[in-house]
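Welcome to this guided tour. Please open the model in your viewer and keep the selection panel at hand.

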Amino acid sequence: MSNLVFLPIFIPLFVGALLIFFNEKHSLTLKLSFVSLVLNFGVSLYLTFFVFTTHPLILETGGWKAPYGIILVADQLSVIMILSVNVIAGAAALFAYNTVSHKMVKHYFYPLFFLLIAGVSGAFLTGDLFNLFVFFEVLLMASYGLIIIGGSKHQFRESVKYILLNLFSSILFVTTVSFLYSVTGTVNMAQLGQRVAEIEQEGILTGIAILLFIVFATKGALFPLYFWLPKSYIVPSPVVSALFGALLTKVGVYSMLRVYTLIFSHKLELTHTFFIWVASITMLIGVIGALSTSNVKLIIAYNIMPAIGFMLLGIGTFSPESLAGTIYYLVHDMAIKAALFFLAGLLVWHAGTSNLNKMGGYIKSSPLLGWMFFIAALVLAGIPPFSGFVGKYLLLRGAMDEEHYIAAGIGLLSSLLILFSVIRVFIGAFWGELKEEPKEKVNQPGLIASGILIFISIALGVGAEWFYPYIQSAADNLIDPQIYIDFVLKE
Amino acid sequence: MEILMSILAGTLFAAGVYLLLQKQLLKIVLGTALISHGAHLFILTMGKLNRGKPPILVKGIEDYTDPLPQALILTSIVISFGVTSFLLVLAYRTYQSNKTDMMDQLRGTDDE
């Protein structure tokens, strides 16, 4: 049974490697991708079902018992993330079907796509801090490949910055892991949790915690380490932007969620209070960025940051309710960010420009796109009954209960400004008289892919009553690290 | 010995960061290479430097070399080797398509 944990990593990795050989055969590539995505979705659905109905799973590779061997752990949080990743991957593949040019496919779009999924899944499943670094590298290598497909002038320019920043933070990551190893003598997350708890996070450990936070903050684009994100996320093809926006920054947030609940949760007044301040500033800077530009793609890219800020606020507040809010928001944000990047990409193709000032009146030429964008904007801002509302409600109530009033106030203010920034796109691009004739017709499979994701977001909001207990049980497992430690080390 | 290695790793880090802050793309790439060397030496040092000892813990032997940092370093070297070679090609292509290798000219604007 425990071998099941390996499949969400193995299937995309194997298919990704296989597709390199069949790259010239377009229809075979598509069929193989479709089959493997369906298979992978089925596996992750079953894995989720199994973990929630019976017990979490652990795979000890090569029969080496934890903490000596490399382990993969599928607990409640991990399987929720894995399932979300596979939903996004399916929608992205559907969007890619008609929008990815032949040239992109020839430059190994599909192999890189699957390797990215493999890396992200691995990062969510690993129970070992060094392996987290390795899977980070797997997904980053795939993302380096994806970001330059197309090979335009500004793609090269922005990807250099993207890669340099990520490379630097990776080196910092591996240095920090070796620091932690020399202090605690282990890289297994459960044993780290146990050993750090034994000495109550004395001395240098808090320094290591902050160093690790800098690493994850760079990956997750938090203030002041966000400046590489907006421009580098808008240069590749929309499907790649959507994958980056939906998955990559969320891996950083997931790592924080894991590390600062399981390992470094003993000096809350130092680390977690600091997180709340960083979260507040990130939210503000993000919305200011989104309001400062009239480039549609850039507006969506800047909107990644307030979302990351909200999730970090939940981690900083550190109560069962706020952690549930973080997980809820994580899932919601994956779906809606991917949908918004899809819609923005469709809009830009339709209009032939990404400049909002040159758009107008497209509601007449593509009403469906317009209304979908409108609903997506409401979901993003957190208008009830959509999914953004549930996550924000939990986060803000958690913050209020712990008396973080300023952070909660900034959260509310930034929600309002998020709404303003995306509705501005809706008004500018869809209302009024048709300024210029649309360049291309809107791509139908692309609309369906966005529609599926928006539908999921609405379902997450309307069916919150049904989803919430599962999310809360994942959060309850996070707040008490002893559950995870006992399960992995079997004591 | 550990102190000497730490100072060496620190020097590599410092030189690497200095190069990272340069404007020319090639210098920056070399800077990342130096920093990753520093990180690798650092990992090795963190596992305590023992010479001539078996790498595996056997019953009765108290003194042994820790094999884990060596495994970590090997993984890390392979990764940084791959990324650095990729980065060199990318830097060259960026120079070709943008006609400059100075970072301050690679800024770009909002509307493109």
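**First stop: chain A**

Select chain A to begin: 61% of its 491 residues count as buried, a residue being buried if 20 or more other C-beta atoms, placed from the backbone, lie within 10 Å of its own, exposed if 12 or fewer, and partly exposed in between. Keep in mind that this is a predicted model, in which local features need pLDDT of at least 70, side-chain atom pairs count only at pLDDT 80 or more, and totals for chains, interfaces and linings use all residues. Residues are numbered from 1 along each chain as its sequence is written, while chains are lettered from A and ligands numbered from 1 in the order in which they are written.

Switch to a cartoon view, and chain A shows 22 helices and two strands. Here helices (H or I, at least four residues) and strands (E, at least two) are DSSP runs, numbered from the N terminus. Along the principal axes, the C-alpha atoms of chain A fill a box of roughly 65 × 55 × 45 Å.

The mean for chain A is 90, and 100% of its residues reach 70 or more.

**Second stop: chain B**

Next, select chain B, which has three helices and zero strands. Its radius of gyration is 19 Å, well over the 13 Å that the globule rule gives for 112 residues, so chain B is more spread out than a compact globule. The C-alpha trace of chain B spans about 70 × 25 × 20 Å along its principal axes. Among the 112 residues of chain B, 28% count as buried.

Zoom in on helix α1 (residues 2–20) of chain B and α2(B), whose axes are 7 Å apart and pack at an angle of about 160 degrees. Axes are lines fitted to C-alpha atoms, for helices over the stretch in contact, and angles run from 0 to 180 degrees between N-to-C directions. The two helices, α1(B) and α2(B), are therefore roughly antiparallel to each other (angles under 35 degrees count as roughly parallel, over 145 as roughly antiparallel, 65 to 115 as roughly perpendicular and the rest as oblique). To see their contact, show side chains including Leu12(B) and Phe13(B) of α1(B) and Ile35(B) and Leu41(B) of α2(B).

**Last stop: where the chains meet**

Show both chains together: 28 residues of chain A are in contact with 28 residues of chain B, two residues being in contact if their C-beta atoms, placed from the backbone, lie within 7 Å. Helix α7(A) gives the most to the side of chain A that touches chain B, with 18 residues.

Select helix α7 (residues 153–184) of chain A and helix α2 (residues 25–46) of chain B: their axes come within 9 Å and cross at roughly 10 degrees. Thus α7(A) and α2(B) are roughly parallel to each other. Among the residues that meet here are Leu164(A) and Phe168(A) in α7(A), and Ile28(B) and Ala39(B) in α2(B).

Terms used: The radius of gyration is taken over C-alpha atoms; the globule rule is 2.2 Å times the number of residues to the power 0.38. pLDDT is the predictor's confidence in each residue, from 0 to 100.
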